[in-house]
Amino acid sequence: MSTRKWIRAARCEDIPLREGRAVHLGSRVIAIFNLGDRFLAVANQCPHRSGPLGDGIVSGGMVVCPLHAWKVDLESGQVARPADVASCVETFRARVEDGDVLVETPLGPEQECGVSAPPSLDEREAICAG
Amino acid sequence: MNPLENTSRQEKLVVVGNGMAGIACVEQILRHSPKFDITIFGNETYVNYNRIMLSAVLAGEKSIDDIILNGLDWYEQNHIDLRLGVRITDVDAAAKTITGDDGSVTHFDKLLLATGSQPLIPSIDDVKKDGVFVFRNLDDTRSLLERARPGLKAVVIGGGLLGLEAARGLQVRGCEVTVVHLMDWLMERQLDSAGGGYLAAEMNRMGITVLLGLSTSAILGNGKVEGVQFKGGGTLPAELVVIAAGIRPNVDLGHKAGLEVKRGIVVNDYMETSNPDIFAVGECVQHNGICYGLIAPLLEQGKVLAATITGNKGLKYQGTVPAAKLKIMGVDVFSAGEINDKIDGSEVIRYEDPTLGVYKKLTLKDGRLAGAILMGDTADSHRYMDWLRSATDITKIRKQLLFPDAGEDGGLDVAQMADGDTVCGCMGVSKGTIINAIHEKGLCTMAQLKECTRASTGCGSCTSLCQQLLKAVAPEFQEETKKVICKCVPFAEDNLREILRSQNLKSVQEVLEIYGNSQGCEVCKPALSYMLDMLWCGGHQEDRSARFINDRVHANIQKDGTFSVVPRIRGGVTSPDELRRIADVAEKYKVPMVKITGSQRIDLLGVKKADLPKVWADLGMPSGQAYTKGVRMVKTCVGTEFCRYGVQDSTSAGVELERRLENLFTPHKVKMGAVGCPRNCAEATVKDIGLIGQEGSWQVVVGGAAGKKVRKADLLITVVTTEEALTAAQLFFQYYRENANYLERTYDFVERLGIEKVRKETVYATDEVREALLERLRKSKALSRDAWLERDEPKHPTQFVQIEPLERISV
């Protein structure tokens, strides 16, 4: 069993309303989201192809991964789209204290969570440079 | 022809009422025989329009023009004398004349009363105040549209169909709306209390407050409405009040003509009144004890009346199964038949899923469907309607009643319908009629089908069925695409553009809160961001949380979360100095890959987000917008400058075109090309916009593609000077910006509209239209800037910065 510790991760104003930001906490990269009435934190890694969830568009209590538009519930960590995928991301408790966001971070190795993603997936059209 | 001679030969039919029932009946009469000389009086000043769709006009889903059913030309073609704005005040049945409020006296041989109904005003004290409205006709709708504005406190008295639709319309216009309903649940005539509960929850979810079991006793305010007072004492502030508490048949003329009148003008199964020369149809009549206020019965009555009045008496009107559908986008409510399940011998089948908001209840009697309530899922409504109308024995299919077998086409089993089955209940059009019309008239669009058969011109709920029939039967079916943006904001984009403009809305969150589910998603947020930027020519409130990551950091995200950097190299023309800087940057930031793109540019791949501002600064070049839906580049050939075949200076033209349009955003990416001769080395014929040089002129082509789809561009115009070519390109560019749906490439856009329409509305438009397009483009351009300048003035302090934890963590 790993011990957990509340870490002062960022100042509230570091994270704009309805956006996320990634913070390195120990060996982990954690994406913290500002939902207006609360902050939520999840591993900054989409269970699909490890996309940076902190760069996604927030939709209510969900975030949409910028790589292939997987949708992840920020409270439960469950993947909400595609609907038939039963994987999830690790979630972390977060609270505000003196204008800072504190994230409860485990000090042990990363947790395995749920089932991993199936290989064949309907990917969205990639955004091509040119 | 001598008109006097004409009238002496023809019987004179005078119609009082220019609404849907009256005109539908006249249409039927004309089908029988044109033996009448017809005069129609209407007290409104409009031609016949679709009254059912007024709520769609209020909600901004349709324009007034969209709901016109019979234009002036229809009246002319049928030699109808139309008198608008005249109210008939008296009937002399003995003298066979009617008198108008303009003093006119008109003789008739046959009189048709189609006077409709008027809003029922409950007994409320001080109801005549500024700001108190009813919602019955186009003028009422216009008045409401003039008053409604964001933040206005509106109270709708009445929670029936009309009241709820009015409430949604006002809320869509930004008002804070409360519905006050006398009964214990909404739409109590169509729903049971459980259904009413679901509906109230839906209204709440949309941001409309519902107050039940409240009787309004007075309108407060001194001359101008300030609130409403309830029986029992409570009050509610209001700046606008709409009374939608029901309707009352207009029977005044029936009394004056000495007809038998109860609640409505009494008619028999042949639609005859107690006077053999006077007929009545629509909401003003009472048949078998019932006054109808829905469209389908009125049209059925019209058919019968037309047979009777033209001497083909025989068809009987035998009442109509009442059916109603709430016309609020995103709220599916359907009710038909007898919903009272307390009648002896009736059984009830129910299904509910509170999370999905689905509620279905069927009432059965004697092995037949007696009534249906559907909430949240109305896909099967037409099937239930058919079972109701035809009194189908359903004992054998009882197990599937709530979820009837979906046809192979996914629910609407148009193939399984019999030819005699009704498709459009409002207009009474059967499947067979539609198929015949498609074959005989060669129909291929919904517009043609509506025009020809009238199907789907009532409540519109059969539109998808009609569309499927067209798709299945018409060899050259053309789909009319009017998709809503997404579930969060259920509006078609062109409607929403109009609404946002008229409501002066400038931020995505504001739009989501007023017109959407207040959350938004990755589909609608970028779409709305684009729309606002375009509508206000860059003067909107930019909200980066509504932008895709590429548009937050002005670089293209890669599969590993790093970014690619493409500086602008106009026309693909660079210099040794620029190339040296690019090389230095690539080394300094250890860029894993440097690549020449297909667009004559250089891509630095694998840059970390935190390095982006420094990379841009060291490059000292503007953003190439390679990451966004915006102006990408103009690919050029060396034209007359070096090429021995070149006939136009395509390099300079391309660089200038890129300079004029760069930093602007578009519905989808815009790639351009300029070539100095028809050999087309820079592939201008497969670009969104292409300039093709030829001896003494330029061809400007648009809508080309060489991506997922390959399409040769259409010729927009051929012009002599380079300046003319650039102007034509700019006209098309701005037209595309303003009229395409988000994520619609020019090739789909041009194909959807047709190049002729595009030409007519751009290069061949009037001077004013062209100048206005260019002016809006100039305005947008003036407010646009190189996005990479945010390296010095970030939108947010942590836009590019990697946040470090405030305390050290020891593992």
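**A helix over a sheet**

I started with helix H7 (residues 193-205) of chain B, which lies across E22, E23, strand E24 (358-365) and E25 of chain B. I found H7(B) running at about 160 degrees to E24(B). Contact here means heavy atoms within 4.5 Å. Angles run from 0 to 180 degrees between N-to-C directions, with axes as lines fitted to C-alpha atoms, for helices over the stretch in contact. Helices (H or I, at least four residues) and strands (E, at least two) are DSSP runs, numbered from the N terminus.

Ground rules I noted: this is a predicted model, where local features need pLDDT of at least 70 and side-chain atom pairs count only at pLDDT 80 or more, while totals for chains, interfaces and linings use all residues. Residues are numbered from 1 along each chain as its sequence is written, chains are lettered from A and ligands numbered from 1 in the order in which they are written, and side-chain values use heavy atoms, leaving out hydrogens and water.

**The sheet itself**

Next I looked up the strand order: E21-E22-E25-E24-E23 (chain B), an open sheet of five strands with antiparallel pairing. Two strands pair if DSSP finds at least two bridges between them. Strand E21 (323-325) and strand E23 (346-353) of chain B are at the edges with a single partner strand each, so one side of each has no neighbour in the sheet. The twist averages 10 degrees from one strand to the next.

I then checked E22 (residues 333-337) and E25 (residues 368-375) of chain B, which are antiparallel and joined by five bridges. In E25(B), B:Ala372 sits opposite B:Ala336.

**Strand E16**

Which way do the residues of E16(B) point? B:Leu240 and B:Val242 go one way, B:Val241 and B:Ile243 the other, and all are buried (under 20% relative accessible area; exposed is over 50%, partly exposed in between; 1.4 Å probe, protein chains only). Strand E9 (residues 132-134) of chain B runs parallel to E16(B), with three bridges, and B:Val134 has B:Ile243 as its bridge partner. Strand E10 (residues 153-157) of chain B also pairs with E16(B) in the parallel sense, over four bridges; there B:Val155 stands opposite B:Val241.

**Helix H23**

Last stop: H23 (residues 746-753) of chain B, whose buried residues are B:Thr746, B:Tyr747, B:Phe749, B:Val750 and B:Leu753. They cover an arc of only 160 degrees around the axis, which puts them on the same side of H23(B). The arc is that of the directions from the helix axis to the C-beta atoms. Just after H23(B), I saw B:Gly754 with a positive phi of about 90 degrees.
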